[in-house]
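I opened the model to take notes on its overall build, its strands and a few helices. The entries below follow the order in which I looked things up.

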Amino acid sequence: AGAWGRGAGELARRMAPWLMHRGHEGVGFAYASPDGLKVGPPPEDAEGALAHTRYSTSGAYGVQLQPVLAKHRDLELALVFNGTVVNYKKLAEGSFDGEALAKALAREIWERGLEEGVTQVYSKIVGAASLLALTPWGLLAVRDPRGVRPLAYRHYGEGVAFSSETVALGGGQEVAPGLAVLYGKRIAFWKIPPGEARICAMELVYFAHPASILGGRLVADVRRALGRALAEVETRDFDVVAYVPETARTAAEAFAEALGKPLVDAVVKNRFAGRVFITPPHLRNPGDAFRAVPELVAGRRVALVDDSLIRGTNMRAVVKLLKEAGAREVHVRIASPPVKWPCFFGMDFQTRRELVAYKRDVEATRAYIGADSLIYLPLEKFRQILGSACYGCFTGEYPVQIDVEEAEAAQTGTRGA
């Protein structure tokens, strides 16, 4: 998130908590001061400020690496970005993609000017990146040219604020894919090709806040549609519908309503545990995050709904908890297709071997998670609901040509516990 104008510092600090569902490994800030760009919590009256909540897809886990300060000759900038740059080592030297992106941006802007420099950097990127940067001329905002990673804006008072999601802005509008904006001492707009609208399917399924607008639609409405579609392919009977908190609740409500079954909060989550899926590997412990409520499931056949099934870590633990709580049967229902391919565009599952559906058919996956049955939402129904989107992790067909084995090796080589 970022802002420019009177009170930008206060606004950046207020937006950050509304983005912690996107990353909670750390929170970082940068701001413009009379003495140059600074990293740290901004004063309320800072003219320009950035905030970043970290969900690491590159670089070491467990440290706050953004915002990044970069300098080339006399040009200094501070950058935050959302996404993954697979080929970042070809952009500039850097220990992770954000550092290389910031250095490349500073170099190209110095050598080519703002508009041409930004466009040149994006022409070299393999991956996806929506970015905000404090520059000598004001706040630079760029939406990923294929629209995979989101970005929104809202005017306030005498300034403007940008964020990955509208919920952090308290409203606002989406930035068009490929649109670059400079707001500050001068104002400029330009387009970066190809300008496609292919929002990440996992944003709609899991990652984004249900109150945000993506692709012109309320995220919660999309998830309700997925739940209704999942009910259309149901083949069994059961007594109650439960869900894996929190994201799956919206789809589960629609699923239960369509089938005329009661929805129960049979799985509860420690709200201070954060989102297990985006937690660094060495800290993921579903057993500390979830509990089952025996009074709601004992002796009953339970349909357990989740938005997606990626590593299977949470699901395996939750199925076990429900059975230990006395559930007679647990039937897992997933409001999206099997995830069989890595993501190189901003999600931290970058190898096939970590995916529960890789080299496992539905029956083998069912056995692995310990469920009595398993049904995924068919890909055809999924596409009908989401429309134009990036389905790379479901189909292996990415928005840009990628050598999967090479990309897996490049990304995993930079990670640490």
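**Entry 1: whole chain.** I began with burial: 58% of the 417 residues of the protein chain count as buried, where buried means under 20% relative accessible area, exposed over 50% and partly exposed in between (1.4 Å probe, protein chains only). I noted that this is a predicted model, in which local features need pLDDT of at least 70 and side-chain atom pairs count only at pLDDT 80 or more, while totals for chains, interfaces and linings use all residues. Residues are numbered from 1 along each chain as its sequence is written, and side-chain values use heavy atoms, with hydrogens and water left out.

I counted secondary structure next and got 14 helices and 23 strands for the protein chain. Helices (H or I, at least four residues) and strands (E, at least two) are DSSP runs, numbered from the N terminus. The radius of gyration is 22 Å, close to the 22 Å that the globule rule gives for 417 residues, so the chain is as compact as a globular protein of that length. The radius is taken over C-alpha atoms, and the rule is 2.2 Å times the number of residues to the power 0.38. Along the principal axes, the C-alpha atoms fill a box of roughly 70 × 45 × 35 Å.

I also checked contacts, meaning heavy atoms within 4.5 Å. Among those between residues at least 6 apart in sequence, 67% join residues at least 24 apart.

**Entry 2: the seven-stranded sheet.** I traced an open, antiparallel sheet in the order β3-β2-β4-β1-β10-β9-β11. Its edge strands are β3 (36-39) and β11 (173-174), each pairing on one side only. Two strands pair if DSSP finds at least two bridges between them. Strand β2 (residues 27-33) is joined to β3 by four bridges in the antiparallel sense, and S33 has G36 of β3 as its bridge partner. I then found helix α1 (residues 8-15) lying across β1, β2, β4, β9 and β10, at about 10 degrees to β4. Axes are lines fitted to C-alpha atoms, for helices over the stretch in contact, with angles from 0 to 180 degrees between N-to-C directions.

Entry 3: I looked at strand β6 (residues 75-85): 10 of its 11 residues are buried, so the strand is largely enclosed by the rest of the structure. Five bridges join β6 to β5 (residues 68-72), antiparallel, with K71 partnered by E76 of β6. The hairpin of β5 and β6 has two residues between the strands, and there R73 takes a positive phi near 55 degrees. Eight bridges join β6 to β7 (residues 127-135), again antiparallel, with V85 partnered by G127 of β7.

**Entry 4: K124.** I placed K124 in helix α3 (residues 114-124). K124 is partly exposed, with a relative accessible area of 35%. Leaving aside neighbours within four places in sequence, K124 is in contact with N87, L91, R107 and E108.

**Entry 5: helix α12.** Which residues of α12 (residues 379-386) are buried? I found F382, I385 and L386. Seen down the axis of α12, they fall within an arc of 90 degrees, so they line one face of the helix; the arc is that of the directions from the helix axis to the C-beta atoms. E380 and Q384, on the other side of α12, are exposed. The cover over the buried residues includes α5 (201-207), β16 (217-218), α6 (219-232) and α13 (392-395). Just after α12, G387 takes a positive phi of about 75 degrees.
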